[in-house]
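Q: I would like to learn how to read a protein model step by step. Could we take the features in turn, with the general idea before the case?

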Amino acid sequence: MDHDRNGRVVTDDNVGPLLAGLARGAARGMAVTLRHFFAALGDYARGRRVRGPAESGLFTVQYPEEKTRPPENFRYLPVLLYDEGDKIRCTSCGICAKVCPPQCIWIVRTAGPDGKPVPEPAEFTIDASICMSCGYCAEYCPFDAIKMDHRYELAAFERRESLLQQKEELLVPTSYYAQLHPTDFAAEEAERLAKEAKEREKAAAREPAAAQ
Ligand code: SF4
Ligand code: SF4
């Protein structure tokens, strides 16, 4: 007894529809191939050798002169955000370093003049040669301080100078993140504004009570 690739029994009754289905699938595939083939042939005949990444259909990217924009959720290496006024968002809480699977984040917290900890990193190092681009650090950061970057060109001849990235190299403005991840940024901003409005309401409700 014969079976098709889905384990169904093939009899004389169903072999006809099976072949018809195969022929339909092959014809559809060929139609797509031919559509692209004639579109490319038409371009070639008109003297157009290359289609740009912004156009639909088949195209050739002349890398490295030309680059395609990665999708919004593409992730490569983490970056640290600072807000307007150069305020670093990171509080050096250490959560990202704890959740990082290959343990490639090192943080040194700032100490104040009295020796007490200040919620800001004095040092923040990521070993880019170990980072596996999982994005856990960005996912777990409670302060939206670390986000995944789109820059992916990281060839280096040595490891220490180029791939051990320090705080100064990791810092980017919030506007850079907003441009890379507009959807996430808009959602986070909406959440932040809602939280602030709630806190203002609570404070306003406390004021009359304190005045009595
Ligand atoms: S990046 Fe976020 S999770 Fe990591 S130490 Fe800074 S505030 Fe904490
Ligand atoms: S992306 Fe993953 S591997 Fe890389 S630093 Fe963040 S948690 Fe670690």
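Q: In what order do the strands of the open sheet lie, and is the pairing parallel or antiparallel?

A: Before answering, note that this is a predicted model, in which local features need pLDDT of at least 70 and side-chain atom pairs count only at pLDDT 80 or more, while totals for chains, interfaces and linings use all residues. Residues are numbered from 1 along each chain as its sequence is written, and chains are lettered from A and ligands numbered from 1 in the order in which they are written. Helices (H or I, at least four residues) and strands (E, at least two) are DSSP runs numbered from the N terminus, and two strands pair if DSSP finds at least two bridges between them. Here three strands form an open sheet in the order 5-6-8, with antiparallel pairing. Strand 5 and strand 8 are the edge strands, each pairing on one side only.

Q: How many bridges join strand 5 to strand 6, and which residue stands opposite Val108?

A: Seven bridges join strand 5 (residues 105-111) to strand 6 (residues 117-127), and Val108 stands opposite Glu123 in strand 6. The hairpin that these two strands make has five residues between the strands, and Gly115 takes a positive phi near 85 degrees there. Strand 6 also pairs with strand 8 (residues 164-165) over two bridges, again in the antiparallel sense, and in that pairing Ile126 stands opposite Gln165.

Q: How many residues of helix 1 are buried?

A: A residue is buried if 20 or more other C-beta atoms lie within 10 Å of its own, exposed if 12 or fewer, and partly exposed in between, with C-beta atoms placed from the backbone. Of the 31 residues of helix 1, the number buried is zero, so the helix lies largely in the open. Just after helix 1, Gly47 takes a positive phi of about 90 degrees.

Q: Which residues have the most contacts inside the largest nonpolar core?

A: In soluble globular proteins, nonpolar side chains tend to be buried together. A nonpolar core is a set of buried Ala, Val, Leu, Ile, Met, Phe, Trp, Tyr and Cys residues joined through C-beta atoms within 7 Å. The largest one has 20 residues, and those with the most contacts inside it are Leu80, Cys96, Cys137, Cys141, Ala145 and Ile146. Its largest share, three residues, comes from strand 3.

Q: Where is Arg75, and which residues is it in contact with, leaving aside neighbours within four places in sequence?

A: Two residues are in contact if their C-beta atoms, placed from the backbone, lie within 7 Å. Arg75 sits in the loop between helix 1 and strand 3 (78-83), and, with those neighbours left aside, Arg75 is in contact with Ser133, Gly135 and Met148. Arg75 is partly exposed, with 17 other C-beta atoms within 10 Å.

Q: Which residues come nearest to ligand 2?

A: A residue is near a molecule if its C-beta atom, placed from the backbone, lies within 6 Å of it. Of the 14 residues around ligand 2, Cys100, Cys131, Cys134, Tyr136 and Cys137 come nearest.
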